[in-house]
Amino acid sequence: MKNELASSDTSTDSSSLCAGCCYSLNFLTHQRCVPGDSCVRAHSGRQIDRFFSNNPDEAENFVDDLFWERRAIAARYASLESITNLALDRDEVVRRVVASRLPPNELVRLLKDSDRDVRLAAVSRVPENHLLPLIHDPDYLVRATVARRLPHGKLTKLIHDPDREVRKVVAQRLPAFALHLLVNDTEPEVRARIAERALPELADKLLDDPEWWVRLAAVAQASPSALLPLLKDPEPEVRELVRERLQTLSADFPDKEPL
């Protein structure tokens, strides 16, 4: 699979590339191309990219080139009008470049692309009203990106997502009053995210979590009276944080009866 553009330079006889090249006379004279360094005919992504960087107006002439990497790099520099049809290009790297450049309202057709990275590029920029069908995308990274962009009112549709990374994003973005919907999640990483943002009543419940670092995350949000039993928590870090918070509360409210 081709994952990167501008791959390492390949050794190619520069004289053979210059022979018959339409750019060799004028461009070489004015140093707009340099054999072995900036060359559109080389099979080297770096050389091709340098050529288009120096001569962006030439990119449109190569969006239909037979070499996938030359098309992909040309798509970076060519006008949007000239790369629209490349959304259907046979090569996924070309389509990824197109997905990163097309206006958001033209990305809808790429949301069902067979390549995960093309869909990721599209879903990160497509208008919000097209996101909801992507909660069923087969790739968790796509669904996690959807979770980062969905309006808060629709996040609940992802609380039962099969992947914890998606649910962690949901736990990070749900309004605090709705976090109870994930409080029984099977993954402690999700519950810890909830504990960090929970309202006191929910945080109090998470002080009984079987995972010590979920309890630790809940300490800062829990009500002071609920913290007292954790002075005997089996985990030293939990006990220490509880003591620190109770001491801070005592210092902030010296007229209060000690807890």
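Modeller: One term to begin with: a helix here is a DSSP run of H or I with at least four residues, and a strand is a run of E with at least two. Read along the sequence, the protein chain goes α-α-α-α-α-α-α-α-α-α-α-α-α-α. Keep in mind that this is a predicted model.

Biologist: How many helices and strands does the protein chain come to?

Modeller: There are 14 helices and zero strands. Buried residues account for 44% of the 259 residues. For contacts between residues at least 6 apart in sequence, 27% join residues at least 24 apart.

Biologist: What makes H3 and H4 roughly parallel?

Modeller: The axes of H3 (residues 45-54) and H4 (residues 68-77) cross at roughly 30° and come within 10 Å. Angles under 35 degrees count as roughly parallel, so H3 is roughly parallel to H4. The crossing of H3 past H4 is right-handed.

Biologist: Which residues make that contact?

Modeller: From H3 you have Gly45, Ile48, Asp49, Phe52 and Ser53, and from H4 Glu69, Arg70, Ile73, Ala74, Arg76 and Tyr77. By class, that gives five nonpolar, two polar and four charged residues.

Biologist: Which residues does valine 63 touch?

Modeller: Arg71, Ala74, Ala78, Ser82, Ile83 and Leu86, not counting residues up to four places away in sequence.

Biologist: Now a charged residue in a loop. How do you know whether aspartate 137 is buried or exposed?

Modeller: Same test: aspartate 137 has 7% relative accessibility, and the limit for buried is under 20%, so aspartate 137 counts as buried. Aspartate 137 lies in the loop between H7 (116-123) and H8 (140-149). Beyond its neighbours within four places in sequence, aspartate 137 is in contact with Arg119, Val142 and Arg143.

Biologist: Why are H9 and H10 described as roughly parallel?

Modeller: H9 (residues 164-173) and H10 (residues 188-197) pack at an angle of about 5°, their axes 9 Å apart. With the cut-off at under 35 degrees, H9 is therefore roughly parallel to H10. H9 brings Arg164, Glu165, Arg167, Lys168, Val169, Ala171, Gln172 and Arg173 to the contact, while H10 brings Glu189, Val190, Arg193, Ile194 and Arg197. They divide into four nonpolar, one polar and eight charged.

Biologist: Last one. What makes H12 largely enclosed by the rest of the structure?

Modeller: Six of the eight residues of H12 (residues 212-219) are buried, so H12 is largely enclosed. The buried residues are Val214, Arg215, Leu216, Ala217, Ala218 and Val219.

Methods
Residues numbered from 1 in each chain as written. Predicted model: local features only at pLDDT ≥ 70, side-chain atom pairs only at ≥ 80, totals over all residues. Heavy atoms only, no water. Axes fitted to C-alpha atoms, helices over the stretch in contact; angles between N-to-C directions. Parallel < 35°, antiparallel > 145°, perpendicular 65-115°, else oblique. Left-handed = near helix turned anticlockwise from the far one by under 90°. Contact = heavy atoms within 4.5 Å. Nonpolar A, V, L, I, M, F, W, Y, C, P; charged D, E, K, R; others polar. Buried < 20%, exposed > 50% of the residue type's maximum accessible area, 1.4 Å probe, protein only.
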